[in-house]
Amino acid sequence: MDIAHLPLDRQGRLQDSVQARSGRIFLALLAGYFLLQIVIRLSLSDSLDLDEAEQALVSQRLQLGYGTQPPLYSWIQWVLFQVFGLNLFALSALKNLLLFSTYACMFFMARPLVGQGAAIAASASLLLFPQIAWESQRDLTHSVLMTGLACATLWCYFALLRRPVWGRYILFGFLVGLGLQSKYNYAMFAAGLAAASLLVEEHRRLLWNRRMLAAAGIALLCILPHGLWVLGHMDAAAGGTLDKMRDGAQRAGYLSSVATGLSSMLLAALAFATPFWLVYGFLGWRGRGQERPERHPQAGFFLVLYAAFFLLMTLLVLSGEVGKIKDRWMQPLLFSLPLACFMLWPALSRPQVLRRILQVTAGVAIIILLALPGRVLLGPALGKHVRAHHPYPELSAELDRRFPEARTLVAGERLTGGNLYFQQPARHTLLLKEALAARPVLHGDVLLVVRTGTETGWLERFRQAYPDAAMQRQGRIALPYRYGSDETMSFDYALIRAGSL
């Protein structure tokens with residue numbers, strides 16, 4: 001239809017209708033993409049990856065804290081297990097619902113800022129970040145939730161700028177409170193956002209008032225129960241993360257540690273943003289001649305925001321305690337790059353550039369849909385084994401056949417413990433490290449299972465912790481990897497009779 005000859009009001013209504021329909025189509029395609037991801041996960045293997053195994057294991061009970069990760073993801077996962085049962089659908093549905101929410105939040109955040117077409121492209125461009133598009137499907141949990149909440153927080157932030165009413169302040173505080181319980185490095189995102197809003201005069205004048213104090217109070221109340229738990233379990237909550245961040249910093253001198261930390265930060269940012277910056281750089285460079293001179297009024301905010309993020313990270317590095325920064329730690333800080341680029345680089349909003357971005361992201365989506373099952377189905381033929389090939393269902397069946405009387409299992413590490421509990425939830429399952437630290441009272445036959453070569457002196461340490469326990473049987477089980485591999489995977493076991501200790 002040629003709309004040029006229609007009255008202006010009808011032209012506007014027609015264009016609005018077309019845009020609304022394109023937005024609905026995009027969201028429907030997104031939903032279909034993540035439904036396909038669920039189907040692929042259900043059809044491949046019931047052996048769990050590491051983060052999935054952790055969620056299966058901690059789902060045995062609700063707690064205010066679970067160690068090095070905040071509890072929000074585990075709480076939500078527990079609810080889904082109660083509704084759907086302990087199964088792959090509950091695991092995969094939560095992750096893909098959160099991923100869909102992240103892409104949808106990016107779309108709704110970007111639409112009033114850069115328009116419908118650019119909003120669709122910005123949302124689809126999240127597929128260009130391997131940590132979001134690939135690693136989140138392969139084996140991430142808390143990071144998926146954190147990114148979704150960071151995106152929702154930023155969407156609410158811009159909604160506040162448009163209309164700073166009480167309801168949006170309350171929602172903003174609630175999202176920040178939830179975000180701080182999703183993953184601890186969300187605090188870096190929240191601190192950077194607060195700093196940027198104070199540094200940009202217009203934002204400071206609009207947002208910082210008594211209603212922002214109320215939002216902060218809501219965030220504090222939201223995180224208070226877990227925060228009190230952290231204060232009483234600081235080593236359990238922060239020890240593992242701090243060790244990862246140090247990663248050799250204490251072995252080097254101060255200047256060497258700082259240099260290593262700064263280079264690690266820059267490399268992590270570059271690694272996270274690849275291949276995104278390659279695609280946008282190439283397409284933006286090709287369209288540079290047609291670029292409009294004006295930029296979005298809010299474009300400068302993103303520059304201040306990223307500067308605040310990197311300044312905070314630099315201060316951490318200058319402490320001399322941070323020797324390594326991983327690329328996935330950039331996820332809550334740099335996920336908004338597609339929107340920022342559209343605001344800073346107007347040439348990207350040209351229709352032909354938008355079409356190319358959507359073509360590239362569609363190709364990436366297809367590659368991911370093929371690569372995820374491909375690495376499982378073709379891996380053994382190529383001599384590559386992933387955790388989907390681990391024979392945990394067969395191991396569980398063999399243990400049940402040999403030791404039907406053992407109702408308590410102590411596993412050497414999370415992957416084994418979570419998988420065995422997932423296969424046999426009626427059996428009380430503990431991790432060896434937790435059992436040795438807490439020394440819970442054990443009764444009857446206790447089965448210890450350790451993946452061969454992952455633990456040294458495990459049996460001696462357990463017997464020292466429980467000196468009255470009597471050894472019943474000890475041995476090794478070797479099982480072939482799944483999907484037709486000729487290689488085997490071995491597990492050491494010990495059956496111990498325990499009494500009241």
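Predicted model: local features only at pLDDT ≥ 70, side-chain atom pairs only at ≥ 80, totals over all residues.
**View 1. Histidine 296 and its contacts.** Leaving aside neighbours within four places in sequence, histidine 296 is in contact with Leu113 and Met343. Histidine 296 sits in the loop between α14 (276-286) and α15 (299-318). Is histidine 296 buried or partly exposed? With 23% relative accessibility, histidine 296 counts as partly exposed. Look also for phenylalanine 342: histidine 296 and phenylalanine 342 are 46 residues apart in sequence, yet from C-alpha to C-alpha they are 8.5 Å apart in space.

**View 2. The largest nonpolar core.** Phenylalanine 342 comes up again here. The largest nonpolar core has 136 residues, and those with the most contacts inside it are Phe302, Met330 and Phe342. Which helix gives this core its largest share? That is helix α4 (residues 88-114), from which 15 residues of the core come. Now find phenylalanine 302. Not counting residues up to four places away in sequence, phenylalanine 302 touches Leu154, Phe158, Ser336, Leu339, Ala340 and Met343. As background, nonpolar side chains tend to be buried together in soluble globular proteins.

**View 3. Glutamine 77 in helix α3.** Glutamine 77 has its place in helix α3 (residues 72-84). Is glutamine 77 buried or exposed? Glutamine 77 is buried, since its relative accessible area is 1%. To find what surrounds glutamine 77, leave aside the neighbours within four places in sequence: the contacts are then Gln55, Ala90, Leu91 and Leu94.

View 4. How many disulfides does the structure hold? The number is 0. For cysteine 105, the closest cysteine sulfur is that of cysteine 151, and because the two sulfurs are 5.2 Å apart, they are too far for a bond. A disulfide would need the pair of sulfur atoms within 2.5 Å. Cysteine 105 counts as buried, at 17% relative accessibility. Cysteine 151 counts as buried too, at 0% relative accessibility.

View 5. Strand β1 (residues 408-411) and strand β3 (residues 444-451) run parallel and are joined by 4 bridges. Leucine 409 has leucine 447 in β3 as its bridge partner, while valine 410 stands opposite leucine 448 in β3. Turning to β2, we find that β1 and β2 run parallel, also joined by 4 bridges. Which residue of β2 stands opposite threonine 408? Histidine 428 does. Together, β1, helix α20 (residues 414-423) and β2 make a right-handed β-α-β unit.

**View 6. Strand β3, paired with β5.** The pairing of β3 and β5 is in the antiparallel sense and extends over 8 bridges. One place to look is valine 450, whose bridge partner in β5 is aspartate 492. Why is β3 described as largely enclosed by the rest of the structure? Because 6 of its 8 residues are buried.

View 7. Which residues of α19 are buried? They are Tyr392, Pro393, Leu395, Ser396, Glu398 and Leu399. Among the elements that cover the buried residues of α19 are β1, α20, β3, β4 and β5.

Key. Residues numbered from 1 in each chain as written. Heavy atoms only, no water. Buried < 20%, exposed > 50% of the residue type's maximum accessible area, 1.4 Å probe, protein only. Pairing = 2+ DSSP bridges. Helix = DSSP H or I, 4+ residues; strand = E, 2+ residues; numbered from the N terminus. Right-handed = clockwise from strand over helix to strand, strands pointing away. Core = buried A, V, L, I, M, F, W, Y, C linked by side-chain atoms within 4.5 Å. Contact = heavy atoms within 4.5 Å.
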